[in-house]
Amino acid sequence: MEQGARPEASDVIVSVQPEAGLTEADRSELRAFPVAAYAPHHAEVFSRHDFGGGLPIARVIARGTEGGLAAHLGFSVRTIAVDGAEVRVAGVGAVATHPTHRGGGLGRAIFERLAEDLRASAAADFALLECRDAVIGFYAACGFGHSVLTVTALDPATCALDVSTLNLMVRPLGRATFPAGDVDLCGLRW
Ligand SMILES: CC(C)(COP(=O)(O)OP(=O)(O)OC[C@H]1O[C@@H](n2cnc3c(N)ncnc32)[C@H](O)[C@@H]1OP(=O)(O)O)[C@@H](O)C(=O)NCCC(=O)NCCS
């Protein structure tokens, strides 16, 4: 890569890393990454945890040629309920591209890698996440459809059920259509 040029997706290696294989050194790197990527928001949360919601089963990680973390997402597969019907989803969280790597297609690249992995394993029929208004366009560019839905989830602070209306982004993986209706995440958010 030319000095001073913006890193492009071709300058990185994207891989899926199972949670069970992470070392303590990996975890401290994973904690430092979102503190930098989300600053000034959520830095406090990620300084204590390397993931925001229910535990992930794996990460999709993009590393630059220099070896540093360039982009990250975590996911775990769970059966949720949509209007009472069972739906197998990969819930996604802690999505971030390092500020120096933004705008080079890495956000899209980690979602393409996720979709490839989920299609190959047939582990889930949809990738799913919630997001704030400011990044709906990014997820739309990554193949997600947007709905404002009533979502029930477990509140980690109180262990009570929390019902909210929020932006739910769903990317079908080619095997089914996401049903209509209220969503019960059947656990913690991602
Ligand atoms: C949002 C974020 C992950 C995008 O990462 P990125 O690597 O820069 O994204 P990409 O370069 O892969 O962009 C893919 C497409 O999304 C678009 N896009 C990127 N950010 C966008 C935004 N905030 N709003 C609308 N579109 C956006 C790009 O223009 C591109 O579209 P195009 O190829 O059709 O031109 C990154 O800005 C980030 O880490 N932000 C801080 C953390 C955060 O907000 N995470 C999401 C929490 S829900």
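## Around the ligand

By class, 11 nonpolar, six polar and two charged residues make up the shell around the ligand (Ala, Val, Leu, Ile, Met, Phe, Trp, Tyr, Cys and Pro count as nonpolar, Asp, Glu, Lys and Arg as charged, and the others, Gly among them, as polar). This is a predicted model: local features need pLDDT of at least 70, side-chain atom pairs count only at pLDDT 80 or more, and totals for chains, interfaces and linings use all residues. Residues are numbered from 1 along each chain as its sequence is written.

Of the 19 residues around the ligand, those that come nearest are Thr97, Arg102, Gly107, Gly137 and Ala141 (near: C-beta atom, placed from the backbone, within 6 Å). Two or more residues of the shell come from each of α1 (24–38), β4 (85–97), α3 (106–121) and α4 (136–141). Helices (H or I, at least four residues) and strands (E, at least two) are DSSP runs, numbered from the N terminus.

## Helix α1

The buried residues of α1 are Leu30, Phe33, Pro34 and Ala37 (buried: 20 or more other C-beta atoms within 10 Å of its own; exposed: 12 or fewer; partly exposed: in between; C-beta atoms are placed from the backbone). They pack against α2 (43–48), β3 (69–82) and β4. On the face turned away from the buried side are the exposed residues Glu24, Ala25 and Ser28.

## Arg108

Arg108 lies in helix α3 and counts as partly exposed because it has 16 C-beta neighbours inside 10 Å. Leaving aside neighbours within four places in sequence, Arg108 is in contact with Ala141 and Cys142 (contact: C-beta atoms, placed from the backbone, within 7 Å).

Note on methods:
Two residues are in contact if their C-beta atoms, placed from the backbone, lie within 7 Å.
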